[in-house]
Amino acid sequence: MFDIAFWKEFFDALYPDYYYRNIKSPLILVDLNFILIGLYIGIVAASAFICYRKNHLGIAVRALLKVNAHSAEDAKTPEELGIANRPTLVRALRRCKFGSIVKLTGVDLEAKRPDYTNERYYIPEDKRYQAEDRYSRKGMGVGVVIFWAIILIPVFMLLRFVIPELLQLLDNFITGLKS
């Protein structure tokens with residue numbers, strides 16, 4: 001399954017004429033195919049992570065914004081926010097997965113085993129706009145991620161044929177300047 005020679009031979013057979021051979025690399029897999037596949041997987045994975053962050057983790061931030069918890073005095077517990085029955089959200093809040101947007105109060109984090117019985121969360125007023133922008137429901141939904149994952153397949157297939165031609169054109173131009 002992970003035999004490097006097989007995949008090299010597979011891509012050479014798949015695209016015999018569309019290969020720019022003037023780039024020499026000591027690594028056998030440094031190839032335009034693997035670069036494009038890596039870019040595609042990276043874009044889709046990043047989009048899926050953004051969708052997860054917005055739709056799942058954003059529940060806690062939207063709940064804090066809804067109850068106007070913008071100071072330590074207005075901070076709310078997970079029970080008051082209605083997310084106590086969602087352990088992944090509470091765990092994300094406790095581990096500060098929201099960066100500097102959501103603040104925790106009522107817990108001594110310096111202790112070896114912090115006691116979370118008095119945990120309360122809030123979003124500072126100066127971070128309110130950032131929280132609304134980053135965790136709003138608008139934007140990346142699951143349908144959008146699937147749509148772009150499908151649309152990007154032919155785009156990357158087209159790039160597979162265009163990039164070697166552009167590199168060859170650039171190589172011919174530079175070679176023409178030297179002579």
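Is Arg120 buried, partly exposed or exposed? At 28% relative accessibility, Arg120 counts as partly exposed. The model described here is predicted.

The chain contains six helices and two strands. Along the sequence these elements follow the pattern α-α-α-α-β-β-α-α. Of the 179 residues in the chain, 30% are buried. Contacts were also considered by separation in sequence. Among those with a separation of 6 or more, 68% join residues 24 or more positions apart. The accessible surface of the chain is about 12,100 Å². Carbon and sulfur atoms hold 62% of that surface.

The largest nonpolar core has 21 residues. Val61, Leu64, Leu93, Phe98, Val102 and Ile123 touch the most other members. Helix α2, helix α4 (87-94), strand β2 (120-122) and helix α5 (128-135) each supply at least two residues of this core. The largest share comes from α2, with six residues. Another core lies apart from this one and has six residues, including Leu32, Tyr40, Ala149 and Phe156.

Helix α4 was examined next. Its residues Leu89, Val90, Ala92 and Leu93 are buried. Seen down the axis of α4, the buried residues fall within an arc of 160 degrees, so they line one face of the helix. The cover over these buried residues includes α2, α3 and β2. Leu93 touches Ala60, Ile83, Phe98, Val102 and Tyr121, residues up to four places away in sequence not being counted.

Helix α3 spans residues 78-81 and includes Leu81. Leu81 is buried because its relative accessibility, 11%, is under 20%. With neighbours within four places in sequence left aside, Leu81 is in contact with Ala63, Leu64, Val67 and Lys76. Leu81 and Arg62 are 19 residues apart in sequence, and their C-alpha atoms are 9.5 Å apart.

Salt bridges were then assigned. Side chains of opposite charge can pair when their charged atoms come close. The count comes to three salt bridges. One of them joins Glu80 and Arg120, with the closest N and O atoms 3.8 Å apart. This pair links distant parts of the chain, since Glu80 is in helix α3 and Arg120 is in strand β2, 40 residues apart. Glu80 is partly exposed, at 47% relative accessible area. Arg120, at 28%, is likewise partly exposed.

Glu125, Arg128 and Glu132 are linked in a network of salt bridges. The side chains of Glu125 and Arg128 meet at 3.6 Å, N to O. In the pair of Glu132 and Arg128, the closest N and O atoms are 3.3 Å apart. Glu132 and Arg128 are four residues apart in helix α5, which means that about one helical turn separates them. Glu125 is partly exposed, with a relative accessible area of 46%. Arg128 is partly exposed at 30%, and Glu132 is partly exposed at 33%.

Two further sites complete the account. Ser47 is found in helix α2, which covers residues 32-66. At 19% relative accessibility, Ser47 counts as buried. Beyond its neighbours within four places in sequence, Ser47 is in contact with Met140 and Val145. Ile151 is found in helix α6 (residues 142-178). Ile151 is partly exposed, with a relative accessible area of 32%. Together with Val144, Phe147, Trp148, Val155 and Leu159, Ile151 makes a nonpolar surface patch of about 480 Å².

Technical notes:
Residues numbered from 1 in each chain as written. Predicted model: local features only at pLDDT ≥ 70, side-chain atom pairs only at ≥ 80, totals over all residues. Heavy atoms only, no water. Buried < 20%, exposed > 50% of the residue type's maximum accessible area, 1.4 Å probe, protein only. Contact = heavy atoms within 4.5 Å. Patch = residues over 30% accessible without salt bridge, like charges linked within 9 Å, V, L, I, M, F, W, Y side chains within 5 Å. Areas by Shrake-Rupley, 256 points an atom, 1.4 Å probe, with all protein chains shown as cover. Salt bridge = Lys/Arg side-chain N within 4 Å of Asp/Glu carboxyl O. Core = buried A, V, L, I, M, F, W, Y, C linked by side-chain atoms within 4.5 Å. Arc of directions from axis to C-beta.
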